[in-house]
There are 4 protein chains.
Amino acid sequence: MNFNIIRCARTILHVTDLEASRKFYVDALGFIETESDAEHLYLRGLEEHGHHSLLLKKADKPAVEALSYKVSSEADLEMLSEFFTNKGYKIRWMEEGVQHAIGRALRIQDLSGLPIEFFAKIEIVERLIQRYDLYKGAHIQRIDHFNCMVQDVEAAYQFYIQELGFACSEYTAAADEKIWAAWLHRKQSVHDVAFMNGEGPRLHHTGFWLSEPMAIIHACDVLASMGYGGSIERGPGRHGLSNAFFLYLRDPDGHRIELYNGDYLTSDPDFKPVRWDINDPRRQTFWGHAAPDCWFNEASAVLDIVTGEKIATGMPKLEQRKPETII
Amino acid sequence: MNFNIIRCARTILHVTDLEASRKFYVDALGFIETESDAEHLYLRGLEEHGHHSLLLKKADKPAVEALSYKVSSEADLEMLSEFFTNKGYKIRWMEEGVQHAIGRALRIQDLSGLPIEFFAKIEIVERLIQRYDLYKGAHIQRIDHFNCMVQDVEAAYQFYIQELGFACSEYTAAADEKIWAAWLHRKQSVHDVAFMNGEGPRLHHTGFWLSEPMAIIHACDVLASMGYGGSIERGPGRHGLSNAFFLYLRDPDGHRIELYNGDYLTSDPDFKPVRWDINDPRRQTFWGHAAPDCWFNEASAVLDIVTGEKIATGMPKLEQRKPETII
Amino acid sequence: MNFNIIRCARTILHVTDLEASRKFYVDALGFIETESDAEHLYLRGLEEHGHHSLLLKKADKPAVEALSYKVSSEADLEMLSEFFTNKGYKIRWMEEGVQHAIGRALRIQDLSGLPIEFFAKIEIVERLIQRYDLYKGAHIQRIDHFNCMVQDVEAAYQFYIQELGFACSEYTAAADEKIWAAWLHRKQSVHDVAFMNGEGPRLHHTGFWLSEPMAIIHACDVLASMGYGGSIERGPGRHGLSNAFFLYLRDPDGHRIELYNGDYLTSDPDFKPVRWDINDPRRQTFWGHAAPDCWFNEASAVLDIVTGEKIATGMPKLEQRKPETII
Amino acid sequence: MNFNIIRCARTILHVTDLEASRKFYVDALGFIETESDAEHLYLRGLEEHGHHSLLLKKADKPAVEALSYKVSSEADLEMLSEFFTNKGYKIRWMEEGVQHAIGRALRIQDLSGLPIEFFAKIEIVERLIQRYDLYKGAHIQRIDHFNCMVQDVEAAYQFYIQELGFACSEYTAAADEKIWAAWLHRKQSVHDVAFMNGEGPRLHHTGFWLSEPMAIIHACDVLASMGYGGSIERGPGRHGLSNAFFLYLRDPDGHRIELYNGDYLTSDPDFKPVRWDINDPRRQTFWGHAAPDCWFNEASAVLDIVTGEKIATGMPKLEQRKPETII
């Protein structure tokens, strides 16, 4: 492995009503709208210098078109293309100019069936981190991670670590020490991607990083006063796993968004991955709250990188679907 | 009505294990232990200049011995005694010296059956508001209110307003505009006492005021790291009613405590009480979360001011026991 | 004294440029603009149900027209009129209709020369406390207090306590236990008005209450990003006296505003006023920072209630003008 | 350059009174004391899995013995040794066992005269990030950066970037676009080391990262209540440069510590360094406050890696010693 994947960089979501999405993401949550047209809404966080980290496309049905990673250079794209081709993966090149504000991009359907994209170049725009007069809602800072439901977490875990050079920060062990979920990173945070045992492949959520915890409380208040109380699915709470202070939201199309603050530095090669037992009551919510069933069952469909059709999902390998209820 | 009731001032709880209570209230939540002996634990908040606002007494069974209001002077006690005697209430004087650190006190069983106490004098101790080196856990500042389940909220509401001089800040209306719950105050905050329609008389919770919202988040973290995750019953969240940022805890005996921040000033006679429909999804939790059933069903038994026996409870007048589940 | 003064309720400031004021108070600090016309800007905080608590009037020179207290009823106004007349004070009635949104008002020039107004009635408007989507800048909640520089603090202190029924929460003692400054309240907070020894009569600042400390940090950031860095005169910091977390700003006309959070409950008659030595380094800023000289020297001119002319100022009675510099 | 420097990892300070240091760092600021003996105090932050990030050694005079970087492996140490030897630098090996809890280490005196250390191995200890019951004072999370005063910033900047592989996140330009100060990083934060134009070589401060801004406010309060008000040198405030929310403290020996929260992700090769003009009033403090002169003039002496003698300092290359005072 000679390519350098830097970090998770954008999610492309299909949504059915761009105006409804704008109201939710821009007016309520405070995403910055870099640009838009009749078919697209390009959104970014306040500290981001890339053109967008969330691309919403008008479509008939909600779905996930791609999860994009930024790589270091064009050469990395070539190496990735060769790597996946040699492994027998179907690849698809999106040449420069095909996607607005993004350079040449490589798409693959990964071993779990997830539509993954790699690109090196994105249009540079103004960082608004010190334009506090523009801060609204949740004060969204930057994209942080993807969380995906897959049928075989252990296989995904092995592939991303051994073949793609990710490192594991934390994981959840089920019976017989099977890996039930894993948090993997390229950048020096807890994760760029997490895999959870579940009906898959599906995108469980995209996480966005906030700079301080009160932004989550304020986001709840703003959402509620705008009539989005029903969009708050879970939290606020503290994850045992990752130590993040979190809030889960469902957008107007049901796509799940995590607002995320906390985390820690994962720069060191001698960092030992943290093991959590799936039934540890402090794992999912450090404070002991159970997540609602919908949080475990519902997720976004993902699309075929070539046909654009919905990828069929299958049942997960490990039987346990969620932590045992704690009484 | 010529007497001057100032504010809610202390709760006397019977607990079964003082050491377990100390660990919860002092070590975890950060109450200040003013004094203690083999039978009593006297606790106060950081800004309080009174000897205690929470008195825990060792007993065989958890129960509520009294809910105490501070009045302006000894003369107020005399007037209250005359008032309740004239109304045909049984009264009980606790002469000075009978209760540690408290002057002469008058106890009555109120119209709902709640054990109420009035006193004018309490031993003055050092305010620790600027001893930030002693702040721990939830940074408890002061007692804020009692919340009681009673059979006939409307009767309690009328009596406390017309006879005792309380004012209403907010209330919940059920079918036919019947008052399902009411928030009443003497001091200039949202409440000193709230009454909710339910099996009563019982004490639902005692509320303690915190100076800022992050203290609630930190309290959750501290409680969880000390193994008290199971004590967190509801929250953190924002009440629509009162606008408070809240957390509900159950102490080792099951007594409920609310950590409370937010509120607003209720000094003005032209303040119009805020009406909430019982089924308004933003009433109980502004952010839309439903409270768990135990929060509606469980509460602390209260004792007879003379015999010390548990007061028998009865079913509430209004049929609706909790808001309709929102789906 | 039979009248009931409830609380400080509004400041009337003369400003030279209403547009500049709107940009500062509404756009940057987040005051709610209830109403405006070519000559007036009526502003209130998010929890206020009164029409305004800050009235800005277009004028040639910056000045303070009046500091207004809300009283309980029209009868209180009559009693106050009689009281001041009997004491030999000049009074001025502003009949209903003369001032927009305010009922009949009584103005007097108090013993220190300050232009004081009393009113019972103000137009009731919507409280926006739960319209979090409208929160901006400093999230201004409500007016809290006036702080005035006067020549003879001890005389003002005695008059406001003995004649007007204020209570003292904290005070600063100079040499020979002379009162150098005093914090006096009617509502149950640390103060409605403070008097400081200085060239007077002048208004030092009007304090506005915020609901939580991070609102002050966010206000600094917003002000700086809008080019108002030069308006931040002092802080953020913690006052030893009052325990408030504070920020002092100068508006475009030089009027001083305090953003204020913290405080404590002052409901109890047995509360013993807190004494601070003027040279205690923790008095002015608990953390030890010295205030800049301009904070001690500069303040707003006040006007004659009848002629509208600037009241001439005089040197204060106590020689010490500010705390000794701590080295 | 083939070696992999991971991040700044520890500061070794000489202090004159270990008890005074413990009271300041452990009791007041909340550093975790991993271990200690009569001559050493080993301290770490709450999220750190390394044995210590701050080593205090008893000595006659305050000084800086070393600034340590963690490298990826032992091989990196060998490559660094060869690199510096080839460049004509004096090196010193500290063999495993010589320094408690640290593996083999390489020390060099860098081009500016700073005593730099590299090590790959440090004893792994328990991460206490979720032991919220142990959080005290400033809730110190981890070491973040060194800030050094050097005579020739531009030379240091070039060497660290071109020879050691650091990247520049932000810099300050003086007259003729000369680099007056530079923020350089290996880990994906704003900096591991900053160089400022000044009398050098000296250590200006070591920065420690906190997880949220209220921890800085609480730290001020705790410090003040323990009598450390005089230790607060500057802040709290927001840096324009780096966007950090900061507080500067002086320890009992005068060593400067920065409490630091904010920052942003610097993972991307296409990140363009942010340029600040030295006289931009928002550079040093976004909110416009000037730093006190002592902040520009005072810093800690550094020692010779071989003799342990104080390195003589010299005047800086650029004339301007601090930003022009803003009036």
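Four salt bridges link chain D and chain A; the term means a side-chain nitrogen of Lys or Arg within 4 Å of a carboxyl oxygen of Asp or Glu. In one salt bridge, the side chain of D:Lys70 meets that of A:Asp270, at 2.7 Å from N to O. This is a predicted model: local features need pLDDT of at least 70, side-chain atom pairs count only at pLDDT 80 or more, and totals for chains, interfaces and linings use all residues. Side-chain values use heavy atoms, without hydrogens and water, residues are numbered from 1 along each chain as its sequence is written, and chains are lettered from A and ligands numbered from 1 in the order written.

Now the wider interface. Chain D gives 33 residues to the contact and chain A gives 33, where contact means heavy atoms within 4.5 Å. About 2,900 Å² is buried between the two chains, 53% of it on carbon and sulfur atoms. Buried area is the accessible area (1.4 Å probe) that two parts lose on being put together, summed over both. D:Gln130, D:Leu265 and D:Asp270 supply 19% of what chain D buries against chain A, more than any other three residues.

Next, the domain record. UniProt, in an unreviewed entry, places "domain: VOC" at residues 7-121 and 142-262 of chain A; positions follow the numbering used here, feature names are shortened, and annotations may be inferred rather than shown by experiment. Residues 7-121 of chain A are 21% helix and 41% strand, with end C-alpha atoms 13 Å apart. Residues 142-262 of chain A are 19% helix and 46% strand, with end C-alpha atoms 13 Å apart. Helices (H or I, at least four residues) and strands (E, at least two) are DSSP runs, numbered from the N terminus.
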